[in-house]
Amino acid sequence: MDFSPFGAFQNGIIILKLQMEPKSIQKYLLLILLSGLMIQPYLFGQISKRESHRLNNIFNKIERSINNGDVQGMSKYFSSRVFVSIPKNINNFFSNNHLYYLLKDYFAKHRAMYFAFDKVSISQSNPFGYGSFTYQHNGERKRSTIYIAFSKIGNAWRITKITVN
């Protein structure tokens, strides 16, 4: 079966006849290559350098906020529903407003002495970080690990999970 001028049908495959100048073929191949490079990060869940820089800034702000007990500073990154797991039987989803007061109360009772992210992973589509949290509670110095995960919601990176253990 012949589909001239478009091509021919052989063994279940349509064979296209490309009658173009070599320079035109080069332009199309370059366009295909560039298109593939542009969508590659989205296909494999990788984050662009610009997004990576943006996330590093967010992680730095959250680190400062935790060290200062400043829930307001990190609350702008809360998603509308955040899964929270904190010792003393808090293990549920909370609205961003409820989470604000929950963390404000937690940091009032667990005064931060030092917090730093030990590991930050921003190479995948769901970035996360965790670090050692040294705090004072009832006059005792204690240590926990804080884990924070993000998801991209619209054009913004939002905290979707916070775990303290």
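This briefing covers the fold, the nonpolar core and the aromatic contacts of the structure above.

The model is predicted: local features need pLDDT of at least 70, side-chain atom pairs count only at pLDDT 80 or more, and totals for chains, interfaces and linings use all residues. Residues are numbered from 1 along each chain as its sequence is written, and side-chain values use heavy atoms, with hydrogens and water left out. The protein contains 4 helices and 8 strands, as DSSP runs numbered from the N terminus (helices H or I, at least four residues; strands E, at least two).

**Fold and surface**
- Along the sequence, the pattern is β-β-α-α-α-β-β-α-β-β-β-β.
- Strands E5 and E6 run antiparallel and are joined by 9 bridges; strands pair if DSSP finds at least two bridges between them.
- A hairpin of 6 residues connects E5 to E6, and Lys 119 has Tyr 130 in E6 as its bridge partner.
- Of the 165 residues, 33% are buried (under 20% relative accessible area; exposed is over 50% and partly exposed in between; 1.4 Å probe, protein chains only).
- The accessible surface comes to about 11,300 Å², and carbon and sulfur atoms hold 54% of it (Shrake-Rupley method, 1.4 Å probe; for residues, only the protein chains shown count as cover).

**Nonpolar core**
- The largest nonpolar core has 32 residues, and Ile 62, Ile 148 and Phe 150 have the most contacts inside it; such a core is a set of buried Ala, Val, Leu, Ile, Met, Phe, Trp, Tyr and Cys residues joined through side-chain atoms within 4.5 Å.
- Elements giving two or more residues to this core include helix H2 (49-68), strand E5 (111-121) and strand E7 (140-153), while H4 gives the most, with 6 residues.
- Beyond its neighbours within four places in sequence, Ile 62 is in contact with Met 74, Tyr 77, Phe 117, Ile 148, Phe 150 and Ile 159 (contact: heavy atoms within 4.5 Å).

**Aromatic contacts**
- There are 11 aromatic pairs (Phe, Tyr and Trp rings, the last by its six-membered ring, with centres within 6.5 Å; planes under 30 degrees apart are stacked, over 60 edge-to-face, the rest tilted).
- Tyr 100 and Tyr 101 pair edge-to-face, at 5.0 Å centre to centre and 85 degrees between the planes.
- Phe 128 and Tyr 130 are stacked because their ring centres are 6.5 Å apart and their planes are at 10 degrees.
- One aromatic cluster is formed by Phe 59, Tyr 106, Phe 107, Phe 115, Phe 117, Phe 133, Tyr 135 and Phe 150.
- The charged end of Arg 81 sits over the ring of Phe 93, 4.4 Å from its centre (CZ of Arg or NZ of Lys within 6 Å of the ring centre and within 35 degrees of the ring normal).
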